[in-house]
Amino acid sequence: MKYASEAPNERAAEAAARSGTPASAPEEQHGTRNRVARSILDHGPSTAAELALRLELTQAAVRRHLDTLVADGVVEPREKRVYGARGRGRPAKVFALTDCGRDAFDQAYDKLAVDALRWIEQSAGGGEAGRAAVAAFARARLAAQAEEYRGAVEAAAPGSRTEALAGALSADGYAATARSAPVGEQLCQHHCPVAHAAERYPQLCEAETEVFSQLLGTHVQRLATIAHGDGVCTTFVPKTGKVEKTDTSTTKTTTASASTAGRNPE
């Protein structure tokens, strides 16, 4: 299954959906469903109301497309995660991409990545030595990737650096955003091109968390990852607690940051 970014007659399909009349061709409906799935990929788990607002469709039209996507195994309904105190009433239902839905996008090289990491692990002798070899590779890869992001982050004002990092990540296919959170910010990656590899090798998540800490000059904490079943990779960036920049080797800050990388919060 491969999603097109936009069908040629998609506007007509949207107009038909808003008016409540059926679309003139099945491919038009398919094009709009692609946009629904893409919106979830770009923005993370979303309610029908949020999708309707973004796509300028009625909630009824969005729900019809969601029903089809759920039936096809592309998206699944979930209870909306609430950070902090939960209010009264039933939590809102959100729709998140399944593994099948993510595979429909640009993850063609995921199996190759897993095979390569397995080869590195086995060539180092497996066990602890193998895991250490994979970690060393992940750090080297992410260090090189970080250099591509460093210019954008350092050019941004101190209060906008998380947003600048999100923009750099988005350019690399991570569909990242930055949003305010209590006493800090959340860096959210709505897509992970190596999600399946990171599920098998959490060293990828750990190295990425270390790099975020180094780029932003502060301790960061990974709260959730796509590789471990969450809808979004979420990293908490505090407003305070700046640390001095260090070498990309081990430090107390990066070690603490990596301690929760690739795992769900307990």
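These legends describe close-up views of a predicted model.

Residues are numbered from 1 along each chain as its sequence is written, and side-chain values use heavy atoms, leaving out hydrogens and water. Local features need pLDDT of at least 70 and side-chain atom pairs count only at pLDDT 80 or more, while totals for chains, interfaces and linings use all residues.

**View 1. The whole chain.**
The chain holds 11 helices and 6 strands. Helices (H or I, at least four residues) and strands (E, at least two) are DSSP runs, numbered from the N terminus. The chain has 266 residues, and 46% of them count as buried. Buried means under 20% relative accessible area, exposed means over 50%, and partly exposed is in between (1.4 Å probe, protein chains only). Take the contacts between residues at least 6 apart in sequence: 58% of these join residues at least 24 apart. Contact means heavy atoms within 4.5 Å.

Helix α7 spans residues 127-155, 29 residues in total. From first C-alpha to last, α7 reaches 42 Å, close to the 42 Å expected at 1.5 Å a residue. The expected span is 1.5 Å times one less than the number of residues. At Tyr149, α7 bends by about 40 degrees. That bend is the angle between axes fitted to the seven residues ending there and the seven starting there. Tyr149 is also one of the buried residues of α7. Others buried in α7 include Gly130, Val134, Ala138 and Leu142. Their cover includes α6 (110-123), α8 (161-171) and α10 (203-216).

**View 2. The packing of α7 on α10.**
Two packed helices are described by the angle between their axes and the distance between the axes. For α7 and α10, the angle is about 35 degrees and the axes are 8 Å apart. Axes are lines fitted to C-alpha atoms, for helices over the stretch in contact, and angles run from 0 to 180 degrees between N-to-C directions. The crossing of α7 and α10 is right-handed. A crossing is right-handed if the near helix is turned clockwise from the far one by less than a right angle, and left-handed if anticlockwise. On the α7 side, the contact includes Arg131, Ala135, Arg139 and Ala146. On the α10 side, it includes Gln203, Ala207, Glu210 and Val211. By class, the contact has 13 nonpolar, 1 polar and 5 charged residues. Ala, Val, Leu, Ile, Met, Phe, Trp, Tyr, Cys and Pro count as nonpolar, Asp, Glu, Lys and Arg as charged, and the others, Gly among them, as polar.

**View 3. Leu215 in helix α10.**
Leu215 lies in α10. Leu215 counts as buried, at 4% relative accessibility. Leu215 and Ala146 are 69 residues apart in sequence, yet 7.4 Å apart in space, C-alpha to C-alpha. Neighbours within four places in sequence aside, Leu215 is in contact with Ala146, Tyr149, Arg150, Val153 and Leu165.

Thr162, Ala164, Leu165, Ala166, Ala168 and Leu169 are buried in α8. These buried residues pack against α7, β3 (176-181), β4 (184-189), α10 and β6 (233-238). Gly173 follows α8 and has a positive phi, near 95 degrees. Ala175 sits in the loop between α8 and β3. Its phi is positive too, near 45 degrees, in a residue other than glycine. Ala175 counts as buried, at 11% relative accessibility.

**View 4. Val183 between two strands.**
Most residues other than glycine have a negative phi. Val183 is not a glycine, but has a positive phi of about 55 degrees. Val183 is found in the loop between β3 and β4. Val183 is exposed, with a relative accessible area of 63%.

Leu57 lies in the loop between α3 (48-55) and α4 (59-71). Leu57 counts as buried, at 7% relative accessibility. Leu57 and Thr32 are 25 residues apart in sequence and 9.8 Å apart in space, C-alpha to C-alpha. Gly73 lies in the loop between α4 and β1 (75-79). Gly73 is partly exposed, with a relative accessible area of 25%. Gly73 and Leu97 are 24 residues apart in sequence and 8.7 Å apart in space, C-alpha to C-alpha. Gly73 also touches Thr98, Cys100 and Gly101, not counting residues up to four places away in sequence.
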